[in-house]
Amino acid sequence: MFNNDNETMSPSDTDTIIGASVKVDGNFKSDGNVVVEGMVQGSLKTKSNLTVGGSAKIKAEVEVNNLFLSGEIKGNVKVTEKAELKSTARILGNLETKSLSVEEGAIINGKCTMIAEEPIADTKENKENKKSSHSK
Amino acid sequence: MHYYIYDQFLTDKKFEPIINRIEARLTDLGINGRTEKLTILKSFSEAVKDVAKKEASTIIAVGNDSTVSKIISLLPNLNITLGIIPIGPENEIAKMLGIPENEFACDVLSARIIEKIDLGKANNYFFISHLHLPASPDLYLDSGTYKISSLTQDSRINICNFEFDKENPQICNPKDGLLEVIFSPGKKQKGFFTSLKKQYTNDSVFKFKKLKVKCNTDSLKALADGHTAIKTPISVEVVPKKLKIIVGKNRMF
């Protein structure tokens, strides 16, 4: 299960392992790290890392902190921090992430949106500049 | 006051020398107490009820894993601390608790380190180690928001509370307030407890507090702690810190 593609987590770091022989249907939610090698349908949310193996098939809306993808996700994907797409990765849906790394061969069929690092703060200077430009 | 409940299999004469050594050591340490020796005519539940009436604070299970499991299912609603003197084969629970076999266990009882550990509850039955589910394509687990099912017909499914694996020391800790569902594809069960000792690399692991075991067709039988059959549907939950148990310094959690 833990091949070279997803060495980022060992089983002891992982709260949930959805192995190749298992299917999860419904709204799966976790606070810990999740590894998927099997099938998931519905939605998948975690506040930690999601590692998707090469044989995994996910048909779900995905919301995670970090994504390490070698398999396939059909559905929209929202990543709070970093998305790492290996050469075998396939996303058939929209991807939203703060940081993106893509290996040659990876496929994204959908809209890819990069989330801004931090929204520009409305400081006093900014407000004054805005006012002065309007008055002109 | 300590009450010692001796399992029925200890009536075999080959255990006599061990029991003599144990009783001598208990006397030396000053922790000897009343004994209940189980026979065909006296069951675990009768023995535990008798002990509870006498307002005992500690019951010592003298026997093996099976002895411990049977007593544990009777204890949770009583304010009684459990101790173990492991004798004979199949003493995985005692090993995990850091309790050595035979008369050496007496020193652990004397030191009296007490831990409160979780128990699993399957319908109305309490289990300490695991609930084994039969391999069936019709079986699935329902958490309320999602369902887990096996894609293969030969998956072995265990719901574990207390299991130690050297490769994955964090899995199945009896103090984490969680149970673990472990799907093991294509592995046949070899025996009581020993079957769980293996790597988890091909397995699926889910941690949870409460779920239901359901079956699409006829009712199936699950086996709690290797000896008690429970029919599906089964409501399984963890009951945190339910059991007070005497442990050794070398416990694995």
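1. In which sense do β10(A) and strand β13 (residues 99–102) of chain A pair, and over how many bridges? The two strands run parallel to each other, and 4 bridges join them. A word before going further: this is a predicted model, and the points below should be read with that in mind.

2. Staying with β10(A), the strand has another partner to look at. Strand β7 (residues 66–69) of chain A pairs with β10, which covers residues 82–85 of chain A, again in the parallel sense, here over 3 bridges. Phe68(A) stands opposite Glu84(A) in β10(A), and Glu84(A) in turn stands opposite Ser101(A) in β13(A).

3. For chain A overall, the secondary structure amounts to 15 strands and 1 helix. Of the 136 residues in chain A, 35% are buried. Among contacts in chain A with a separation of 6 or more, 9% involve residues 24 or more positions apart.

4. Thr51(A) sits in strand β5 (residues 49–52) of chain A. Is Thr51(A) buried or exposed? Thr51(A) is buried, because 28 other C-beta atoms lie within 10 Å, where 20 or more is the requirement. Between Thr51(A) and Leu69(A) there are 6.0 Å from C-alpha to C-alpha, although 18 residues separate them in sequence.

5. A note of caution on one end of chain A. The mean pLDDT of chain A is 85, and 75% of the residues score at least 70. Residues 1–12 of chain A, however, have a pLDDT below 50, and this stretch has 31 contacts in the model beyond near neighbours in sequence. Where pLDDT is low, predicted coordinates should not be read in detail.

6. Now to chain B, which is split into domain 1 (2–111) and domain 2 (125–240). Where they meet, 11 residues of domain 1 of chain B are in contact with 13 residues of domain 2 of chain B. On the domain 1 side, α3 and α4 (92–96) of chain B each supply at least two residues. The largest share of that side, 5 residues, comes from α3(B). By class, the domain 1 side has 5 nonpolar, 3 polar and 3 charged residues.

7. The buried residues of α3(B) include Asp65(B) and Lys70(B) along with Val68(B), Ile71(B) and Ile72(B).

8. The largest nonpolar core contains 97 residues, and those with the most contacts inside it are Ile5(B), Ile59(B), Ile60(B), Ile71(B), Leu82(B) and Ile84(B). Strand β16 (residues 234–247) of chain B gives the most to this core, with 6 residues. Why does the core lie between domain 1 and domain 2 of chain B? Both domains give residues to this core, so it lies between them. Leaving aside neighbours within four places in sequence, Ile59(B) is in contact with Tyr3(B), Ile5(B), Val48(B), Val51(B), Ile71(B), Ile80(B) and Leu82(B).

9. Lys49(B) is partly exposed, because 13 other C-beta atoms lie within 10 Å.

10. Finally, some backbone geometry to check. Most residues other than glycine have a negative phi, and most peptide bonds are trans. The peptide bond from Thr232(B) to Pro233(B) is cis, with omega near 0°; Pro233(B) lies in the loop between β15 (228–231) and β16 of chain B. Glu90(B) has a positive phi, near 60°, and belongs to the loop between β4 (81–86) and α4 of chain B. Asn123(B) also has a positive phi, near 50°, and is found in the loop between β5 (113–122) and β6 (125–127) of chain B. Glu90(B) counts as partly exposed, with 17 C-beta neighbours inside 10 Å, and Asn123(B) counts as partly exposed with 15.

Methods:
Residues numbered from 1 in each chain as written. Chains lettered and ligands numbered in written order. Predicted model: local features only at pLDDT ≥ 70, side-chain atom pairs only at ≥ 80, totals over all residues. Buried ≥ 20, exposed ≤ 12 C-beta atoms within 10 Å, placed from the backbone. Contact = placed C-beta atoms within 7 Å. Domains from an automatic or database assignment. Nonpolar A, V, L, I, M, F, W, Y, C, P; charged D, E, K, R; others polar. Pairing = 2+ DSSP bridges. Core = buried A, V, L, I, M, F, W, Y, C linked by C-beta atoms within 7 Å. pLDDT = per-residue confidence, 0-100.
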